[in-house]
Structures are given as structure tokens and as C-alpha cells.
Amino acid sequence: MSHHDHRIEVYHAATGRYLGPADLADQATDEQISAVRRARTARIRRLRKDLQASQRERYAAATQAEPARRLGALSTAEAEAELAQATGTDLSDLALPDLIPPVAPPTTEPK
């Protein structure tokens, strides 16, 4: 059952014969699950706060009609800190290419 993540039904791969249920062997304790949920909630709050801060734009005052000028003065330290934080979030850096080795391309024979 998709909503029962603590137990799966096991079948033999070749014959399809039902072998019975299997329970999760190293199930986390209630305290661990609560700690994970608290950590996720805190991370969600931080991400929402970061998103709101990133969407806040300030513009220069204008006394006559002109295109809006975005204000964005940053110190060098602020810029470097934000860029350092952003470099660790690229999902391609998290990829593990050694888990599935690349397969050699098929050879094509001339006809």
C-alpha cells in the first residue's frame, strides 16, 4: 500500500509468487521522527524567509517620469557571502556520477 511506508509486500521476481510482508528493519524512533520534522519545519521557515527577502526590490525616488531605477547597493562582504552561499546549491554538484558508470556507445557496423 502506498500509504504504508513501514511495510511492503514482497513477490518473487521470476515467478511472481507472493512471499509475504516485509517490515522496515531499522525504523526510526518517535523522537528521531519528531526531530526530523522540527528540522524540516525550521528549514522551510528559513527558505520562505530567504525567498521573501530575495523578492523584495527597492527603487530610487523619482520626481519626473522616467524608467524605474533599482536600488541595490551591497558591500563587498555582503556580495561575497551571498555568492558563497549560492555556490553550494547547484544540484549538478550533488550528482554522484560514480554510482552508475557510463556505458560505452554501441558500435555501428558499415553496411
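Tyr11 has Tyr18, in β2, as its bridge partner, and Ala22 of β2 is the bridge partner of Ile8. These pairs belong to a predicted model, in which local features need pLDDT of at least 70, side-chain atom pairs count only at pLDDT 80 or more, and totals for chains, interfaces and linings use all residues. Residues are numbered from 1 along each chain as its sequence is written, and side-chain values use heavy atoms, with hydrogens and water left out.

Strand β1 (residues 7–11) runs antiparallel to strand β2 (residues 18–23), with five bridges between them; two strands pair if DSSP finds at least two bridges. The two strands make a hairpin with six residues between them, and in the turn Gly16 has a positive phi of about 80 degrees. In a regular strand the side chains alternate between the two faces of the sheet.

Along the sequence, the order of elements is β-β-α-β-β-α-α, giving three helices and four strands in the protein. Helices (H or I, at least four residues) and strands (E, at least two) are DSSP runs, numbered from the N terminus.

Of the 111 residues, 1% count as buried, that is, under 20% relative accessible area with a 1.4 Å probe and protein chains only. Among contacts with a separation of 6 or more, 0% join residues 24 or more positions apart, where contact means heavy atoms within 4.5 Å.

The largest pocket holds about 500 Å³ of space. Of its 15 lining residues, Ala53, Ser54, Arg56, Leu74 and Glu82 are the closest to its centre. A pocket here is an open set of points on a 1 Å grid over the protein atoms alone, where a 1.4 Å probe fits, with protein on both sides within 12 Å along at least five of seven lines; lining residues have an atom within 4 Å of a point. The volume is the space filled by probe spheres set on the points, which are joined across faces, edges and corners.

Helices α1 (30–55) and α2 (76–87) each supply at least two lining residues, and α2 gives the largest share, four residues. By type, the lining divides into five nonpolar, four polar and six charged residues; Asp, Glu, Lys and Arg count as charged, Ala, Val, Leu, Ile, Met, Phe, Trp, Tyr, Cys and Pro as nonpolar, and the others, Gly among them, as polar.

Note on methods
Buried means under 20% relative accessible area, exposed over 50%, partly exposed in between (1.4 Å probe, protein chains only).
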